[in-house]
Amino acid sequence: MMKQCLKKLLLSLLFINAINISAQDEDVLFQAFDWNVQNQPTGQTWFNVVTQNSSEISNAGFDMIWLPPVSDSGAPQGYLPRELYNFNSAYGTESQLRNLINTYHNLDVKVIGDIVINHRVGTNDAVTFTNPSWPTTFITADDEGRNFVNYPVEFSINGDYFPGTALKADGSNGTYGPARDLDHYNPAVRQEIKNWMNFLKNDLGFDGWRYDFVHGYDPIFNKEYNDATNPYFAVGELLESSRVQTNNWINFTQQSSSAFDFNTKVTLQNALRDNNLSYLRDGNGKPSGMIGINPTKSVTFLDNHDTGAAQQCCGSGYVFPSDENNLRKGYAYILTHPGNPMVFWTHYFDAPTGVKNAIKDLISIRKEARVFAGSTINIAEARNDLYAAYIDGRNGTIAMKLGRGNWSPNGNNWVLRTSGNDYAVWTQGGTPPPSEEITFRFKKPNNWNTNINAYFFDSASNSTISGTSEWPGQTMTRISGTPWYEYTLNVPVGTSTNNIRLIFNDGNNQTDDLRRGSDGWYDMGVWSNSCPSNCTNTPPSNSTVTFNFLRTSSWGNTANVYLYDKNTNTTLTGSSNWPGEKMNNNSNWSNITFDLPNGVSPNNIGVVFNNGNGQQTVDLSRGTDGWFRITDQTNGKYTGIWTQDCPTNCNSSKNDVITPKSNTNKHFYLAPNPIISNANLYISTDKKGTLKVSLTNILGQTSVIVNEKKQSGLHKIPLSDSDFSNKGLFIINVTLDDIQIASPLKIIKQ
């Protein structure tokens, strides 16, 4: 009986582990910083720059972003951590950091934190730690720190970790001179590290870890830190060009972390510099890098903040050739091959635009074929002037070549998907991705005619998008009672949303060539994800709104919310005059639910939280469910941040826990209801995914109306007589990625 129970437990653990692997083994990572990015113009911060580029990064297909160290540091880059719980750094404020993380989570992008736990610097002198305060016995016995103070210091009884040549081929030890080395053999040190990492995850919202300088402490502790924090993804930085030593580190962590594949980087850049692509195949016919021996734990890359031109940690010869041709070839290699590839901010945003466009095309191809970290690879050619390989994904096969030599894949039904100077990529087989609809809305300028068109073309082929008309394009439909026009584009299979370009025009006047790969509203040169103004015919996102407010100790137990119409500057209909409605207390959080008045846009709801006794926030704006948390004070009033969902675990100062809300919007609408002949179903989703809408009659017979991949936002789905088998009562159910996101909706067909 004991053996049977143990077997069931092991199977359960294997199943859980398999779920975690499948969650990230197709992911593409984006490094969202370089060595000197903290040097921004006055009034700008790096956190804000990353936030401002969130749509660009999400739309390109990145699944994870890696941020620099976010704690206070003795150096602006963050790699000399000082006050661990002070999150105001050279990159921006804690409030800006929280906003960044929330923004990316709303786009379904995971955020990876840079974890510097090998060492720490003192606050007032070399060995005095504050926030949190740690004793000097946390420092390794052989640390040079006692040379920097003029008084006796008691250090640990344990010396620093010495990895030996099993991990570092150059024989390096774990000593880090600029900071005090921490004694990870001390259980108290490890507990403090786990406390801090869990705060990063559960309070700030980080999803996973990039471990810095991992040869400085025993790799087995990486497993302990991962077990304690359950990261979505974890990767270690072992700056080691030997794939054997790198794989040893992974094994020493008991496969709990991936590692950066420095060996693939070095081999690839040398192959391009020496014009000898034979370097890319080892003696066993496999890739020469870590991806040739342990691809599922390899993170491939061309450069990072250390190796790139800004820092040049290991000399100029270690920098990947940064001209456009070599960057495009480099990404053609890592974005088609096994491993989890990483793209570097500087290559994406600062290199010639041809590099960015090539990266987007390659990511789109990789995701369509569903190439994953452990994909099988067959290298067909590897000689001076030619490298060619076949890579099997979960939804098709990729063939690719590098070099001047002539080559094309064997067999039929290969489609050339992208190419450049000395590289090409083909695909074969697989199920075509579900058709995608994108709705574009345009606000007509006053001096334009009323016949508005949208002309669509594919930037990859520089031709009109299949299924749409030549110039002046498709006739747009006016949204009744508004200056807005709309058109829904069915994106053809094979057309990347990254390559969609459009021109709004009336036959005479026209906009510039515009770029947009998701639903959007365009007004006076600016795209918005939701309607910015004058959309009185657009249904509200929900009829009731719930606000949650985290009280501060100085306010007492009373929290009110004053609601007003910003358009008329009057108290919101149905609510009370100042100080407004008294909120319900739930532990340290207060909440209230109110009805959104007819005719009032959610964009025009003004909000002031107060205690009725002189304490209040600044004037806020919110028309949808939200959680507000105070972070600062200005001119006697409090400021803070809104989040769409409850902060993880909602830890308050008393460690109270509130169950987080679902990550999806639980409201959808039908107008009109009952239905006579035609109606529109409106569904709001806050993340991208496969949207499925089904219709069930009272006999239990079900038909699927929609089963398509959608971006986040408001989706309008027309219904007509043909969708119904007869008259009577029907139930509409809606799921996103097979997860129900709203209560069933009852409708009547007359």
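This is a predicted model: local features need pLDDT of at least 70, side-chain atom pairs count only at pLDDT 80 or more; totals for chains, interfaces and linings use all residues.
Student: What is the general idea behind a salt bridge, and how many does the structure hold?

Tutor: Side chains of opposite charge can pair when their charged atoms come close. The structure holds 26 salt bridges.

Student: Which residue forms a salt bridge with Glu26, and where do the two lie?

Tutor: Glu26 pairs with Arg394, with the closest N and O atoms 2.7 Å apart. Glu26 sits in the loop between α1 and β1, Arg394 in the loop between β12 and β13, and 368 residues separate them. Asp25, Glu26, Arg370 and Arg394 are linked in a network of salt bridges.

Student: Is Glu26 buried or exposed?

Tutor: Its relative accessibility is 18%, so Glu26 counts as buried. Arg394, at 38%, counts as partly exposed.

Student: Lys329 has no salt bridge; which side chain of opposite charge is nearest?

Tutor: That is Asp422, 4.1 Å away. A salt bridge requires the side-chain nitrogen to be within 4 Å of a carboxyl oxygen. Lys329 is buried and lies in helix α9. Beyond its sequence neighbours within four places, Lys329 is in contact with Leu272, Leu402, Asn421, Asp422 and Tyr423.

Student: What lines the largest cavity?

Tutor: Its lining has 14 residues, with Pro69, Val70, Ser71, Asp114 and Trp196 nearest the centre. They divide into 10 nonpolar, 3 polar and 1 charged. The cavity has a volume of about 90 Å³.

Student: With which residue does Asp114 form a salt bridge?

Tutor: Asp114 pairs with Arg210, the closest N and O atoms being 2.9 Å apart. Asp114 is in strand β3 and Arg210 in strand β6; both are buried.

Terms used:
Residues are numbered from 1 along each chain as its sequence is written. Side-chain values use heavy atoms; hydrogens and water are left out. Helices (H or I, at least four residues) and strands (E, at least two) are DSSP runs, numbered from the N terminus. Buried means under 20% relative accessible area, exposed over 50%, partly exposed in between (1.4 Å probe, protein chains only). Lys and Arg count as positive and Asp and Glu as negative; His and the chain ends are not counted. Contact means heavy atoms within 4.5 Å. On a 1 Å grid over the protein atoms alone, a cavity is a set of points where a 1.4 Å probe fits but cannot get out, and a pocket is an open set with protein on both sides within 12 Å along at least five of seven lines; lining residues have an atom within 4 Å of a point. Grid points are joined across faces, edges and corners, and a volume is the space filled by probe spheres set on the points. Ala, Val, Leu, Ile, Met, Phe, Trp, Tyr, Cys and Pro count as nonpolar, Asp, Glu, Lys and Arg as charged, and the others, Gly among them, as polar.
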